[in-house]
Amino acid sequence: MAMIAADNRGLRLATRYAVLVLIAVIFVFPLVFMVMSSFKPDQQLLQDASNLRAFLPVGDISLQNYTAAFQRAPVATFVFNSVFVTGVTVILSLLLCSAAGFAFVFVNWKGRGVLLSLLLATLIVPFETIAIPLLLLASKLPWIGLDGLTWGWLNSYRVQIVPFIADGLTVFLFVQYFKDLPGELIEAARVEGASWFQIYRRIVMPLSGPILATAAILKFLVMYNQYLWPLMVTQEEGYRPVMVGLQYFFQLNVAWGEVMAYLSMITVPVLAFYLYLQKAFIASIASTGVKG
Amino acid sequence: MKLFGLAASAAILGWASVAQAQETLTMWYHGAGNEVEQKIVNGLIADFNGSQTDWKVELQSFPQGAYNDSVVAGALAGNLPDILDVDGPIMPNWAWAGYLQPLKIDESKIATFLPGTKGIWNGQLYSIGLWDAAVALVTRQSTLDELGLRKPTVDQPWTKDEFMAALDAAKASGKWEFAFDPGMAWTGEWYPYAFSPFLQSFGGDIVDRTTYKTAEGALNGDAAMAFGAWWQGLFTGGYAQATQDPADRDGGFAAGKYAFSWNGNWAALGALSAFPDTVFLPAPDFGNGPKIGAASWQFGVSATSKNPAGAAAFIEFALQDKYLAAFSNGIGLIPATPSAAAMVDNYKAGGPLAVFVDYSARTALVRPVTPGYVVQAKVFEKALADIANGADVAATLDAATDEINADIEKNGGYGH
């Protein structure tokens with residue numbers, strides 16, 4: 001009887017691993033294909049595409065596509081722009097949205113329920129529907145800088161950052177997470193005379209590692225993959241991010257090797273960021289009940 | 001010493017006044033990512049800036065795939081440059097939408113330009129191109145010989161029956177995966193550019209060009225139905241694949257997968273390097289003469305330009321044969337004038353691509369010259385993809401006609 005149970009357990013384990021390996025293969029092979037193709041000349045890349053050689057570093061392997069990609073487009077500028085815009089937006093978003101979430105959950109004030117509902121309602125509005133009004137607004141906003149007062153935010157980093165700092169989803173994530181924190185901690189701190197800011201900074205934030213990681217990853221992905229908005233607001237090459245830069249590689253005759261090299265270069269930071277935060281991400285997803 | 005000081009002051013003042021008088025013209029161009037094209041444009045601008053002291057052109061380049069959206073966004077934000085380039089068939093829409101103003105140049109200078117390079121809408125010139133593009137039926141002389149086919153010419157193109165007989169022979173030989181590669185993987189503008197000439201050769205069109213107020217009869221009349229049935233037959237008959245891998249489109253002909261490929265002059269040198277006996281045949285005549293698409297990228301002046309005279313001066317400067325030839329040598333497109341073509345090895349008489357000049361001059365038809373084209377092109381593309389994938393021809397073309405008519409009506413006839 002015990003042997004049958006052990007056999008069943010072994011079978012279940014083998015099946016589970018087989019399924020997991022299959023899923024891993026499905027997800028990993030496109031990345032392997034991308035990286036391997038980035039080292040191959042176009043003709044070989046196209047020939048290999050129909051067989052297993054596509055996933056192997058075989059044939060005429062070189063860094064030529066990477067060199068050519070740097071010649072075709074200012075790759076370093078695009079990567080810097082994306083990393084800078086994404087990094088600043090993520091940091092500001094975590095600060096602002098966590099503070100908003102804190103205020104919605106712990107501070108008692110009139111209208112917070114209605115405001116939270118309104119904020120959540122913005123989740124159903126796709127960005128595309130507000131892109132043009134936002135563009136018109138951004139083209140007329142004032143700014144005080146080294147040149148004094150100027151009008152219009154186009155062709156700048158701020159136009160790519162400011163509209164995305166606060167969003168309903170991130171606030172919602174923080175609200176959900178904060179609701180599960182023990183209220184006694186907050187009450188005790190209030191009794192001890194701590195200010196709201198002290199509670200936010202010294203009690204709530206140190207307990208919010210998983211949700212900070214989750215919000216950071218989600219915001220990072222959204223920002224790093226931005227295409228439509230930067231396309232609309234950056235006419236100057238010096239401000240363009242990586243996704244707009246990808247278009248530089250789609251000429252009449254597409255140089256697929258260079259496309260793969262460029263994609264490999266811009267994908268690595270995202271993968272690294274995700275791998276760095278994935279444990280916290282998974283923990284937070286499990287605790288907030290947010291799927292997908 | 002005093003004299004030296006005076007001279008220096010005069011020089012500085014003189015330089016300052018020249019610098020002050022020189023107006024800056026901003027220019028947007030779609031060539032980012034194309035190193036060769038970028039170099040030629042920069043050279044042209046440097047030459048213009050050095051040739052006079054009134055204007056200084058400053059370039060901002062965009063990748064082609066993002067260019068149109070960037071211009072539309074720029075127009076909405078009131079941030080258009082003085083000079084911009086525009087894809088020929090889009091020009092009427094941008095003129096109608098108020099992005100462009102009529103181009104005031106000496107029109108005698110473009111008298112010998114290929115017809116497809118002139119962006120004329122509502123009787124006015126809005127844009128002018130330095131080159132055009134053309135499409136041909138690409139195959140190998142050895143294929144023609146092997147299948148026992150005559151080599152067609154513009155004067156004696158293949159008829160529909162001859163073309164289908166050629167495809168039948170290629171299919172029956174079993175030597176190729178598919179007899180014909182129309183280029184189904186190249187979605188977007190390729191469909192109306194490359195395939196609407198087939199429809200026009202049948203006698204139909206995307207829209208009724210006599211009024212531009214309806215597609216009724218043009219896109220769903222008898223000729224269009226015959227075209228639709230023929231088009232669908234290419235796929236149901238196994239001559240071509242309805243869904244194509246982009247890699248096959250780029251490398252399939254060179255890999256020997258297709259006997260005939262419908263492709264542009266920009267891909268011609270690649271085909272020649274794969275097979276030195278490659279030949280570029282004219283479009284088949286489906287009853288109303290052989291037809292190919294026309295109109296490529298052109299220069300125009302934005303409606304908001306404060307210096308239209310300077311912008312026009314730059315465009316006029318760019319029309320010199322040496323620049324037409326330089327662009328052709330660099331990016332492989334057809335020079336706009338015969339005199340410039342004679343300066344280009346590929347396109348001069350006897351050159352390997354000289355036939356494209358002839359095809360462009362004698363068989364090219366611009367896509368419908370209407371602001372509604374941007375919508376009509378997408379409707380046409382979807383209809384052709386659906387028919388290729390087995391949709392009912394009559395129902396699909398009727399639906400496409402209704403969609404185009406509704407759009408024209410919604411936009412008040414687009415000013416026609």
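With which residue does Glu146(B) form a salt bridge? In this predicted model, the partner of Glu146(B) is Lys175(B), and the closest N and O atoms of the two residues are 3.0 Å apart. Glu146(B) belongs to helix H5 (residues 141–147) of chain B, whereas Lys175(B) is placed in the loop between helix H6 (160–173) and strand S9 (178–181), so the pair ties together parts of the chain that are 29 residues apart in sequence. Glu146(B) is partly exposed, at 44% relative accessibility, and Lys175(B) is likewise partly exposed, with a relative accessible area of 49%.

This salt bridge is one of several in the model. Over all chains, a search of the whole structure finds 17 salt bridges. Among them is the pair formed by Arg140(B) and Asp277(B), in which the closest N and O atoms are 2.9 Å apart. Arg140(B) lies in strand S8 (residues 135–140) of chain B and Asp277(B) in the loop that runs between helix H10 (268–274) and strand S11 (278–281), so this pair ties together parts 137 residues apart in sequence. Arg140(B) has a relative accessible area of 27% and is therefore partly exposed. Asp277(B) also counts as partly exposed, because its relative accessibility is 23%.

A further salt bridge in chain B joins the side chains of Asp205(B) and Arg209(B), with an N to O distance of 2.6 Å. The two side chains also make a polar contact at 2.6 Å. The two residues fall into separate accessibility classes: Asp205(B) counts as buried because its relative accessibility is 10%, while Arg209(B), at 23%, counts as partly exposed. Asp205(B) is located in the loop between helix H7 (190–202) and helix H8 (222–236) of chain B. When neighbours within four places in sequence are left aside, the residues in contact with Asp205(B) are Leu199(B), Gln200(B), Ala218(B), Leu219(B) and Pro368(B).

Elsewhere in chain B, helix H12 (residues 321–331) contains the buried residues Tyr323(B), Leu324(B), Ala325(B), Phe327(B), Ser328(B) and Ile331(B). The elements of chain B that cover these buried residues include three helices, namely H2 (35–51), H11 (308–318) and H13 (338–341). Strands also take part in the cover, including S1 (23–32), S7 (131–132) and S14 (334–335). Just after H12(B), Gly332(B) adopts a positive phi of about 80°.

In chain A, a nonpolar surface patch of about 930 Å² is made by Val19(A), Val21(A), Leu22(A), Ile23(A), Val25(A), Ile26(A), Phe27(A), Val28(A), Phe29(A) and Leu52(A). One of these residues, Val28(A), is situated in helix H1 (residues 2–37) of chain A. With a relative accessible area of 40%, Val28(A) is partly exposed.

The loop between H1 and helix H2 (42–48) of chain A holds Pro41(A). This proline is partly exposed, its relative accessible area being 31%. Pro41(A) and Asn65(A) are separated by 24 residues in sequence, and their C-alpha atoms are 7.4 Å apart in space. Chain A also contains a network of salt bridges, which links Lys40(A), Asp48(A) and Arg53(A).

The two chains meet at an interface in which 25 residues of chain A are in contact with 24 residues of chain B. The area buried between chain A and chain B is about 2000 Å², and carbon and sulfur atoms give 59% of that area. Between the two chains, the count of salt bridges is zero, whereas five residue pairs are in polar contact, with both residues at pLDDT 80 or more. On the side of chain A that touches chain B, at least two residues are supplied by each of helix H3 (64–72), helix H6 (127–138) and helix H12 (228–233) of chain A. H6(A) gives the most to this side, with three residues.

Note on methods. Residues are numbered from 1 along each chain as its sequence is written. Chains are lettered from A and ligands numbered from 1 in the order in which they are written. This is a predicted model: local features need pLDDT of at least 70, side-chain atom pairs count only at pLDDT 80 or more; totals for chains, interfaces and linings use all residues. Side-chain values use heavy atoms; hydrogens and water are left out. Patches are made of residues with over 30% relative accessible area and no salt bridge: like charges are joined within 9 Å, nonpolar side chains (Val, Leu, Ile, Met, Phe, Trp, Tyr) within 5 Å. Accessible areas come from the Shrake-Rupley method with a 1.4 Å probe; for residues, only the protein chains shown count as cover. A salt bridge is a side-chain nitrogen of Lys or Arg within 4 Å of a carboxyl oxygen of Asp or Glu. Helices (H or I, at least four residues) and strands (E, at least two) are DSSP runs, numbered from the N terminus. Buried means under 20% relative accessible area, exposed over 50%, partly exposed in between (1.4 Å probe, protein chains only). Contact means heavy atoms within 4.5 Å. Buried area is the accessible area (1.4 Å probe) that two parts lose on being put together, summed over both. A polar contact is a pair of N or O atoms within 3.5 Å; within protein, one must be able to donate a hydrogen and the other to accept it, and residues adjacent in sequence count only if both atoms are side-chain atoms.
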